[in-house]
Amino acid sequence: LLASRQWRDFRFLAGSFVTTVVVVNAPFFLWNAHNAAAAYRNQSSRGITNESIWLFPMRLLGLAGDTEQKWNEAGVPPEANLVAAVIQAALLIALLGLAVRARYRLEPALALAALAPVTFLVTNKIFSAQFLVVLAAGWAFAGALVARRRTEQLAVGVLLMVATFANAFVYPYDPPGGLLSWQLFSALMFAAAIALTGWLVRAAVHARPVAEEETRGVVAGAA
């Protein structure tokens, strides 16, 4: 909205967002501000955790310490947390740039915007099972906009299913029979997440206008 100078719509959207945040959070802060801010205060100070995507490169580089308990910090050097945050910020800036370039193509722009929280959570230094709720919503929304062939829609659904299924065996369930490590399921979940997110970004960048797609379909059918 800012890039296309739609000031009225931007003010409405920004005002609605701020109002929602205030209405939802204000009662809890008025009731007990210390406890209401605890999640932000405690989580922001944590380093890379074992459930995050960053565990895998840290292990390959021999920089991870405690990797047994999935919810613990991985014991990486402080610099690793900074590198993870820089890479995360760079990916978000790149995605923002793609969304700005697509601002006059509604479906791709909205799909890229929906993938911003997905990219943030997938690359976050802290990861939790409940993040899949937001991830699934973002993937489904973006997929509905840019996955136009049935095979593409099937691929989006399958990758989403693989990610959510694998995540369930990271937490809260233990792997069947205790034969497989939760880290294997975590790797599978992130592999599906990266593949799906990357494909959706690529599809959004190269998406043709819907009217053009429909015209091509009519011409192909007539032929």
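This is a predicted model: local features need pLDDT of at least 70, side-chain atom pairs count only at pLDDT 80 or more; totals for chains, interfaces and linings use all residues.
Residues are numbered from 1 along each chain as its sequence is written, and side-chain values use heavy atoms, with hydrogens and water left out.

Let's start with the rings. A pair here means rings of Phe, Tyr or Trp (its six-membered ring) with centres within 6.5 Å; planes under 30 degrees apart are stacked, over 60 edge-to-face, and the rest tilted. How many aromatic pairs does that rule give? The count comes to 6. One of them is Phe127 with Phe190, edge-to-face at 5.1 Å centre to centre and 65° between the planes. Phe127 sits in the loop between α5 (106-122) and α6 (131-146) while Phe190 is in helix α8, so this pair ties together parts 63 residues apart in sequence. Helices, by the way, are DSSP runs of H or I, at least four residues, numbered from the N terminus. Both Phe127 and Phe190 are buried; that's under 20% relative accessible area, with exposed being over 50% and partly exposed in between (1.4 Å probe, protein chains only).

Then there's Phe169 with Tyr173: centres 6.4 Å apart and planes at 50°, so that one is tilted. Phe169 counts as buried at 16% relative accessibility, but Tyr173 is exposed at 51%. Back to Phe127 and Phe190: ring pairs link them with Phe56 and Phe131 into a cluster.

Now helix α8 itself, residues 182-205. The expected span is 1.5 Å times one less than the number of residues. For these 24 residues that should be 34 Å, and the end C-alpha atoms are 35 Å apart, which agrees.

On to charges. A salt bridge is a side-chain nitrogen of Lys or Arg within 4 Å of a carboxyl oxygen of Asp or Glu, and the count by that rule is 1. Glu152 and Arg149 meet in a salt bridge at 3.1 Å, N to O. Is Glu152 buried or exposed? At 18% relative accessibility, Glu152 counts as buried.

Last stop, Leu2. This residue lies in the segment before α1 (7-36), and Leu2 is partly exposed, with a relative accessible area of 47%.

Definitions and conventions:
Helices (H or I, at least four residues) and strands (E, at least two) are DSSP runs, numbered from the N terminus.
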